[in-house]
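Here's a quick briefing for anyone meeting this structure for the first time. Take a look at it, then read on.

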Amino acid sequence: MLEFPRWKVLWLWFISIVAAAAALPSIVDMAGYRWPAGVPEPKINLGLDLAGGSHILLEADPTQVRTQRIEAMEESVRNKVRTALPAGQPPIRISDISNNNGSLSFIVDDVSKVDAVREAVLPLTNGAGLTGKRDWTINVVDGNRFVLVPTQEGVDLAVTQAMDTAVEVVRKRIDALGTKEPTIIRSGPNRIVVQVPGLQDPQALKNLLGQTAKLEFKLVDQVALPSDVAQGIAPAGDEIVPYADVKAGALAPKIAVKRLGGIRGDQLTNAQLSNNPQTNAATVTITFNSDGGAKFAKLTSANVGKPFAIILDGKVLSSPVINEAILGGSAVISGNFTADSANQLAISLRSGALPVDLKVVEERTVGPDLGADSIRKGMIAMGIGTLALAVFILVTYGRFGVYACCALALNVFMILGIMGIIGTTLTLPGIAGFVLTIGAAVDANVLIYERIREERHRGRRVVQAVEVGYKEATRAIFDANITNIIAAVLMFAFGSGPVKGFAVVLIIGIMTSVFTAVTMTRMWVAQWLRRARPTEINL
């Protein structure tokens, strides 16, 4: 237990010095000074409660998910029924398609084809998770009318999936801003909490997250009567969409577009800010994947000379005429963009469209003053606690108390250093965990020293008493700290926000305190025993 070869001594000091040195950038930053440029800077990120920043609560409307599912099912049914019969036979005709009242219904014109339609439509339904139920019910009424109704279990599963996707889209958009350590978590079935430390103006964040970025390319219906379109009356198979750029107070012009058969922006691979070479106006260049590029080429090839609308979040950006087939798999979106708005749109398109619209229902801006005060008070508490521990341990254990104090100081630097290396976010509960770890760090030393004292009272010699004391006490120390780490890991796995911050600091603190209080003090004591060869120790 007391044998430390030279390589082991050098290795332990190397670990300690590297971890402790990594704490310097964070300490310098907290003291209000600048870290030298060009020098590695592993720094601890401060959470919203310490650095200040923006807190936004987003909410989605579950009824929108139901509507989307019905619209998607309508298009799938059309495609499936069209190809239900073998090649060479006339396609099955359906009519009177309606997606009102939360269901999808249609009539099969040929009653003899009802069974074929059922066989074609049934694979479009799936199991609703682990509920044992389907996500759609299929009913046939009056002999040839199909009624497809989404089940509540299917809608609940779709809402969960949509919210999970929305969380990832929100995370990608915020990461594109270069913001460090945002907190993005689900809150309830249809809400998302977003906390961005250091961001004092939440308006840009609200604009970015409030944009669904649902991009569509749809053909314009040139046969629709302008008078009907102006009144919002859509011909069969069409929908009315307003233009985006309208002066305040003016009535938005509208156009009729084909409801089905267009191309969605979920097949994009890239979107970048660009400029029109003739006018130097800001534009967005988009690139499709292979499937999207093929569909875009097919759409433009079959409709040369016809206008098609570029629709973003339900509003028309432009409706250019297709002069020629676009075969390169890329296109340019133009509008009355500024450089900032075009870049924001490019970020949104790259990150993917939100599966549902998110509405800001709560927002708060936390100033940095509260965080600075919390840090100052936390440092005071840590300083007072460390000083009290040092006095107690020095008075009680003498020379061995000096080793414990050195281990305690090294432990503080190592915790900060490791947090900086892995880029941990320090929150207010994290400071509490830090102070708690420091307070409990000397427990191991107390157990070891008391065990050495017992061995001396039993008559063992100094070296033998120290060796047995470290050996026997270390077992109990490891057992106790393993249970603490298990509890901290569970807090990190199942907690969120502040609980995770507390758990991270606790896990790091437990590991460093065992390393410094057991391994490092044992090395120091072993070196002193080898050098001084004492016949008595004061414990």
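What follows covers one arginine, the nonpolar core and a pair of packed helices.

This is a predicted model, where local features need pLDDT of at least 70, side-chain atom pairs count only at pLDDT 80 or more, and totals for chains, interfaces and linings use all residues. Residues are numbered from 1 along each chain as its sequence is written, and side-chain values use heavy atoms, with hydrogens and water left out.

**Arginine 186**
- You'll find arginine 186 in strand β7, residues 183-186 (strands are DSSP runs of E, at least two residues, and helices are runs of H or I, at least four, numbered from the N terminus).
- The side chain of arginine 186 makes a polar contact with that of aspartate 164, at 2.8 Å (a pair of N or O atoms within 3.5 Å; within protein, one must be able to donate a hydrogen and the other to accept it, and residues adjacent in sequence count only if both atoms are side-chain atoms).
- A polar atom of the arginine 186 side chain also sits 3.3 Å from the backbone oxygen of proline 189.

**Helices α12 and α13**
- These two, α12 and α13, pack at about 155°, with axes 10 Å apart (axes are lines fitted to C-alpha atoms, for helices over the stretch in contact, and angles run from 0 to 180 degrees between N-to-C directions).
- That makes α12 and α13 roughly antiparallel (angles over 145 degrees).
- On the α12 side, Leu408, Asn411, Val412, Ile415 and Leu416 meet Phe434, Thr437 and Ile438 of α13 (heavy atoms within 4.5 Å).

**Nonpolar core**
- The largest nonpolar core has 57 residues (buried Ala, Val, Leu, Ile, Met, Phe, Trp, Tyr and Cys joined through side-chain atoms within 4.5 Å, buried being under 20% relative accessible area with a 1.4 Å probe, protein chains only).
- Helix α16 gives this core its largest share, 14 residues.

Key
Buried < 20%, exposed > 50% of the residue type's maximum accessible area, 1.4 Å probe, protein only. Parallel < 35°, antiparallel > 145°, perpendicular 65-115°, else oblique.
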